[in-house]
Amino acid sequence: MDDEDQPSRANALTGSLPASEGERRAAVGYEGQYRVGAGLILYGLRRGLSFVRVADPLAGRVDDLQIGSSGRLDAYQVKWATYPGLFRLSDLISTSSGTSLIRQLSEGWVSLRVTRPGTTVIVHLVTNDNPNGTQALAQAGQNTPGEPRHFAAFIEEVWKSARASIEGYTVPQRWARIWAQLQEASGLSTEEFGDFVRHCDLDFGWKVDVGDSIARSDEEQQLSQDINDVGA
């Protein structure tokens, strides 16, 4: 799991802090991620999961958590920030830190399909950031004045529609360049990319707790307490 605000371990490595203290601070930075994992596992237990795996080398970068059920495998990569911000198109396609995020997801999907033939593999990006809904994308066309051209609109109008399609999704013309950028960054062919999108959830604005405590049912309150206990 990755955390933008993960405390540095440099002091522990140089000896100015005990190694145990460095690890403790790192663990504090991962608290949100642990709670996400705890929540996913508890939901899975209530819905009949078969197995759970963590840090599986065969999963590539979607190895933060795998939840297996009958005929299905959900593999997760978690990006968590202490203070949620805006998630941009560039965050998916940039190679500034090595392999792009969209390629990490696609390579994990391809790898898991090979190792688990006959299983429906769904890869997930889970983040508490929200897709950027303020900055227009220069690559997005505009058919009608006033149409939104930001990344949040692309996710709502294109990615979610393609994800829900059975096959043969047609990308709206004004989003064609964005789609092509993502496909190229993924390293997949046109046909493979369409199939990948149908098996890839971009879970933005993820919240660890289940709604407001006043409105929650007893079951939801118990689940939230369980998440606190498991993720602590």
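Is Asp-201 buried or exposed? I looked this up and found Asp-201 buried, with a relative accessible area of 17%; buried means under 20% relative accessible area, exposed over 50%, and partly exposed in between (1.4 Å probe, protein chains only).

Basis of the entries. I worked on a predicted model, in which local features need pLDDT of at least 70, side-chain atom pairs count only at pLDDT 80 or more, and totals for chains, interfaces and linings use all residues. Residues are numbered from 1 along each chain as its sequence is written, and side-chain values use heavy atoms, with hydrogens and water left out.

Entry on salt bridges. I took a salt bridge as a side-chain nitrogen of Lys or Arg within 4 Å of a carboxyl oxygen of Asp or Glu. The structure holds 9 of them. Asp-201 meets Arg-163 in one, at 2.6 Å from N to O. Arg-163 lies in helix H6 and Asp-201 in strand S8, so this pair ties together parts that are 38 residues apart in sequence. Helices (H or I, at least four residues) and strands (E, at least two) are DSSP runs, numbered from the N terminus. I also noted one network, in which salt bridges with shared partners join Arg-113, Asp-195 and Arg-198.

Within helix H6, Glu-156 and Lys-160 lie 4 residues apart, about one turn of the helix, and their side chains form a salt bridge of 2.6 Å, N to O. Glu-156 is partly exposed at 48% relative accessibility, and Lys-160 is partly exposed at 44%.

Glu-147 pairs with Arg-174, the closest N and O atoms being 3.4 Å apart. Glu-147 sits in the loop between strand S7 (130-131) and H6, and Arg-174 in the loop between H6 and H7, 27 residues apart. I recorded Arg-174 as buried at 7%, whereas Glu-147 is partly exposed at 24%.

Entry on the cores. A nonpolar core is a set of buried Ala, Val, Leu, Ile, Met, Phe, Trp, Tyr and Cys residues joined through side-chain atoms within 4.5 Å. The largest has 35 residues, of which Phe-154, Trp-159 and Phe-196 touch the most other members. Helix H6 gives the most to this core, with 7 residues. A second, separate core of 10 residues includes Leu-40, Leu-65, Tyr-76 and Trp-80.

Entry on strand S3. I found 4 of the 5 residues of S3 (residues 65-69) buried, so the strand is largely enclosed by the rest of the structure. Strands pair if DSSP finds at least two bridges between them. S3 runs antiparallel to S2 (residues 51-53), joined by 3 bridges, and pairs with S4 in the antiparallel sense over 5 bridges.
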